[in-house]
Structures are given as structure tokens and as C-alpha cells.
Amino acid sequence: MTNGGHLIMNETKTAVKSEEQTKHINVVIVEDFKLTRVGLRCALNTNPDINVVGECENAIVGLELISRIKPDVVLMDLGLPEMNGLEATVKLKEMMPSVKVIALTSHEQEEEVLAAFASGMNAYCLKDIDPAKLAEVIRDVAQGVCWIDPQVSQLVLNSFPNPGDVGFFPSKTDVATRVPLTERECEVLKHLVMGKSNTEIAKELIVSVHTAKAHVCSILQKMCVNDRVQAAVKAVKEGLV
């Protein structure tokens with residue numbers, strides 16, 4: 001019986017080990033250029049633990065595909081037609097918060113990096129990333145790690161003030177005199193962070209373009225910034241979205 005028990009344990013361990021070895025990280029690619037999609041799929045599928053289970057050229061189809069396939073990780077382009085990658089990520093995280101999203105883009109602007117993480121993305125990769133490194137990032141992100149491409153990480157770090165700078169710690173007067181945003185303005189601010197125009201905001205909130213513009217002007221005034229980009233960056237820095 002002892003031998004029999006030992007044999008069963010070994011068989012069980014072997015079965016568990018075999019299952020772990022064949023476990024895949026399922027990935028969906030949302031990218032509008034077919035050549036890029038094909039290249040990514042071919043490169044990633046050379047990894048025994050990564051399986052590209054779906055791909056599409058726009059976010060609207062992508063959201064439907066993702067909800068049906070339920071992948072572990074999504075590679076999301078930012079500059080997608082019809083619905084951009086930031087807006088798609090916000091919607092995706094509302095539907096399936098456990099799915100990890102990696103921004104795969106050629107954009108290196110500071111505000112876009114901040115907006116990507118504000119939308120709920122888990123990593124930010126530039127498209128010239130080495131395929132082997134991308135596979136490594138996918139594995140890390142699937143385990144809950146956040147990652148940012150070294151080529152843009154310094155831009156983000158430079159955007160934050162040093163502790164010794166004047167105004168780094170807000171004074172009691174600043175806090176007391178800060179005018180809070182209304183609930184509607186907070187909604188508009190979220191759309192600003194996603195890079196939407198006044199027309200797009202109006203359509204999303206079912207208001208006139210004039211009303212959307214008025215909300216934006218009020219937000220800029222209350223946040224003491226000059227334009228939409230500054231508002232988006234400040235919103236991310238101060239945790240307003």
C-alpha cells in the first residue's frame with residue numbers, strides 16, 4: 001500500500017508539473033496595421049508559454065473579442081480608428097478589471113504616457129521593443145507587475161517636482177482655497193485625460209458641444225492651467241482621475 005501510495009503521489013506530481021509546463025498566457029492584439037499584427041503574432045507564438053488567441057484592427061471589435069475570449073493580456077495600440085486605445089482601455093477595465101493591458105505605441109510624449117496609466121493600462125511599450133523583451137514584459141504584467149519603457153520613463157520622472165522645490169508641499173492656504181470640481185466636471189476631466197475633443201465629450205455625455213466647452217473652460221480655470229494637456233497631466237499627478 002505504501003508503494004502504491006507513493007506511486008500515486010508521483011503520478012499526481014507529474015500531472016501537476018505537466019499542467020504547469022503547458023500553461024499559456026493568452027494574448028489578444030488590438031492594432032490597426034495588419035503587418036504589425038502579423039509580426040507580433042509570429043514573434044510571440046515562438047514562446048512556448050505565450051499564445052496569441054485573437055487579433056483585430058479596431059477597439060470596437062476588440063472589446064467584443066476580448067469579452068468573448070477572456071485573455072490574460074491585451075496588447076493595445078493607442079492610435080486606433082473610431083475609438084482610441086485609452087478610451088478602449090477604460091471601457092475594458094470596467095467590464096473585465098482583471099485583464100492586463102499593455103500599451104504598444106510609437107508615442108513618446110509625457111502626457112500620453114501619463115494618460116495611458118490613468119486609463120488603467122498596466123505597461124507602456126514602444127513599438128521598437130525587442131521581441132524577446134516584449135515576451136518578458138508580457139510574463140511580468142500577467143503576474144501583476146507594472147512596466148514602463150526605459151526610453152520614456154525618464155520623461156515621466158522629470159515631470160514630477162523635486163521635494164525641495166517651492167510648492168512641492170501645498171500650503172494650508174492652497175488647500176483651503178482650491179475650488180473643487182463638480183461631479184460633471186470630474187466626468188469631463190476623465191475624458192480630457194483620454195484625449196477626447198469637445199465634440200467627443202459632448203457625444204459621450206449627451207450634451208451640446210457648447211456645454212462641453214463650458215465645462216472644459218471651467219476645469220482649466222479651477223485647476224489653474226492653460227490648456228487641456230496641462231489639465232490632463234495635473235489630473236494624473238494629483239490623482240484626480
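Lys133 and Glu136 form a salt bridge, 3.1 Å from N to O. By salt bridge I mean a side-chain nitrogen of Lys or Arg within 4 Å of a carboxyl oxygen of Asp or Glu. The two residues sit 3 apart in helix α6, residues 131-142, so about one helical turn separates them. Helices here are DSSP runs of H or I, at least four residues, and strands are E runs of at least two, numbered from the N terminus.

Ground rules. This is a predicted model, where local features need pLDDT of at least 70, side-chain atom pairs count only at pLDDT 80 or more, and totals for chains, interfaces and linings use all residues. Residues are numbered from 1 along each chain as its sequence is written, and side-chain values use heavy atoms, leaving out hydrogens and water.

The salt bridge count comes to 10. Take Arg37 and Glu55, at 3.5 Å, N to O. This pair links distant parts of the chain: Arg37 is in helix α2, Glu55 in strand β2, 18 residues apart. Arg37 is buried at 8% relative accessible area. Buried means under 20%, exposed over 50%, partly exposed in between, with a 1.4 Å probe and protein chains only. Glu55, at 26%, is partly exposed.

Next, Glu185 and Lys222: their closest N and O atoms are 2.8 Å apart. Glu185 lies in helix α9 and Lys222 in helix α11, so the pair ties together parts 37 residues apart in sequence. Glu185 is buried, at 5%.

Last, strand β4, residues 100-105. Of its 6 residues, 5 are buried. Strand β3 runs parallel to β4, joined by 4 bridges. Pairing takes at least two DSSP bridges between strands.
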